[in-house]
Amino acid sequence: MKVSFFSLASGSSGNCYYLGTPDYGILIDAGIGLRTIRKVLKERSIDLSRIMAVLVTHDHADHIKTVGCLGERCAIPVYATELVHQGINRSRYVEDKLVASKRLVYKEKAFAIRDFVITPFEVPHDSTDNVGYYIECAHHRFTFITDVGHVTETIRKYMRLANYLILEANYDEEMLRFGTYPAFLKERVASPTGHLSNREAAELLATHYQPHLKNVWLCHLSRDNNHPELASKTVDERLYREGIRVGKDVMLIALKRTTPSDLYEFE
């Protein structure tokens, strides 16, 4: 079965990803405007009616801005943990509260949306609750890990399973340390419930790389404390020291913050 993936946006101002078959798809997070979602999908010949679900990682604004509209106005089921649903419905950024579209997920309990078998798993972050998603479709295995305070054994487990990995590389440690953020925000970003740095993402990949891992997309890059080239270089150099060659053993792409990525298709 052919599976397609692309990012609609990936950064602190909004996050949204698409995963689909030739007939239907799902969104992971919806932190950008509905007009933008429709436009990007249309450019790839995907009608919004083909979206079967929205999977939500957590309840921060850059991940949930449009979930209420998609759920209640467009009648697309919205999947999240109970705590994330509570956070969504408390959020001042979500105009349409989730009622009819609400669907519950449970960590480490797989569920199916047509051909997708989806397992949510715990990810540490300073939101009401936070999960990553491991998604199987035929022989394809995708793992989404974003907004990560620190790496856990659960994260390592689902990273090792992936053929295709979407992994946070939020900040460069030197840029954050000497940047313009106030001290409390620097501490928050670098805390065990904040975000994953380029170095931490690189270390995770280098020490847990499996030969079946084909593609890695670095996601949720900071506008103020990172650059796509810097994130890619940090990971590339660390993999190289382990004898893993980017472009040969694994493909590596840093996703753009506010513009869509290329469309990636896998047979």
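Ala, Val, Leu, Ile, Met, Phe, Trp, Tyr, Cys and Pro count here as nonpolar, Asp, Glu, Lys and Arg as charged, and the others, Gly among them, as polar. By these classes, the lining of the largest pocket is made up of five nonpolar, nine polar and eight charged residues. The structure described is a predicted model. The volume of the largest pocket is about 410 Å³, and 22 residues line it. Those that lie nearest the centre of the pocket are Ser-12, Asp-62, Arg-188, His-195 and His-220. Two elements, α2 (61-64) and α7 (183-190), each give two or more residues to this lining. The largest share, three residues, comes from α7.

Rolling a probe the size of a water molecule over the atoms shows where empty space is left. One cavity of 30 Å³ or more is found in the structure, and the volume of the largest cavity is about 40 Å³. Leu-205, Tyr-209, Leu-213, Val-216, Val-235, Leu-239, Val-250 and Leu-252 form its lining. By class, this lining has eight nonpolar residues, with no polar and no charged ones.

The nonpolar interior comes next. In soluble globular proteins, nonpolar side chains tend to be buried together. The largest nonpolar core of the model has 29 residues, and those with the most contacts inside it are Ile-145, Leu-165, Leu-167, Leu-205, Leu-213, Val-216 and Leu-218. Two or more residues of this core are given by each of α5 (153-161), β11 (164-168), α8 (198-208), β12 (215-219), α9 (228-241) and β13 (251-254). The largest share of the core, five residues, comes from α8. Leu-213 is named both among the core residues with the most contacts and in the lining of the largest cavity. Apart from residues up to four places away in sequence, Leu-213 touches Met-159, Ala-162, Asn-163, Tyr-164, Leu-165, Leu-205, Asp-249 and Val-250.

Buried means under 20% relative accessible area. Val-3 has a relative accessibility of 0% and therefore counts as buried. When neighbours within four places in sequence are left aside, the contacts of Val-3 are Leu-19, Gly-20, Cys-137, His-140, Phe-142, Tyr-264, Glu-265 and Phe-266. Between Val-3 and Ile-118 the separation is 115 residues in sequence and 15 Å in space, taken from C-alpha to C-alpha.

Strand β1 pairs with β2 in the antiparallel sense, over seven bridges. The two strands form a hairpin with two residues between them, and Gly-11 has Gly-14 in β2 as its bridge partner. In strand β2 (residues 14-20), seven of the seven residues are buried, so the strand is largely enclosed by the rest of the structure. Gly-14, Cys-16, Tyr-18 and Gly-20 point one way from β2, while Asn-15, Tyr-17 and Leu-19 point the other way; all are buried. Strand β2 also pairs with strand β3 (residues 25-28), in the antiparallel sense and over four bridges. Here Leu-19 stands opposite Ile-26 in β3. A hairpin is again formed, with four residues between β2 and β3.

A further hairpin is formed by β9 and β10, with two residues between the strands. Strand β9 (residues 131-137) pairs with β10 in the antiparallel sense over five bridges, and the bridge partner of Cys-137 in β10 is His-140. Five of the six residues of strand β10 (residues 140-145) are buried, so β10 is largely enclosed by the rest of the structure. The pairing of β10 with β11 is parallel and has four bridges; Thr-143 has Leu-165 in β11 as its bridge partner.

Backbone angles are considered last. Most residues other than glycine have a negative phi, and most peptide bonds are trans. Ala-138, although not a glycine, has a positive phi of about 55°. This residue lies in the loop between β9 and β10. Exposed means over 50% relative accessible area, and Ala-138, at 58% relative accessibility, therefore counts as exposed. Ala-75 is not a glycine either, and has a positive phi of about 60°. Its place is in the loop between α3 (67-73) and β5 (78-80). The relative accessible area of Ala-75 is 63%, so this residue is exposed.

Key. Residues are numbered from 1 along each chain as its sequence is written. This is a predicted model: local features need pLDDT of at least 70, side-chain atom pairs count only at pLDDT 80 or more; totals for chains, interfaces and linings use all residues. Side-chain values use heavy atoms; hydrogens and water are left out. On a 1 Å grid over the protein atoms alone, a cavity is a set of points where a 1.4 Å probe fits but cannot get out, and a pocket is an open set with protein on both sides within 12 Å along at least five of seven lines; lining residues have an atom within 4 Å of a point. Grid points are joined across faces, edges and corners, and a volume is the space filled by probe spheres set on the points. Buried means under 20% relative accessible area, exposed over 50%, partly exposed in between (1.4 Å probe, protein chains only). Contact means heavy atoms within 4.5 Å. Two strands pair if DSSP finds at least two bridges between them. A nonpolar core is a set of buried Ala, Val, Leu, Ile, Met, Phe, Trp, Tyr and Cys residues joined through side-chain atoms within 4.5 Å.
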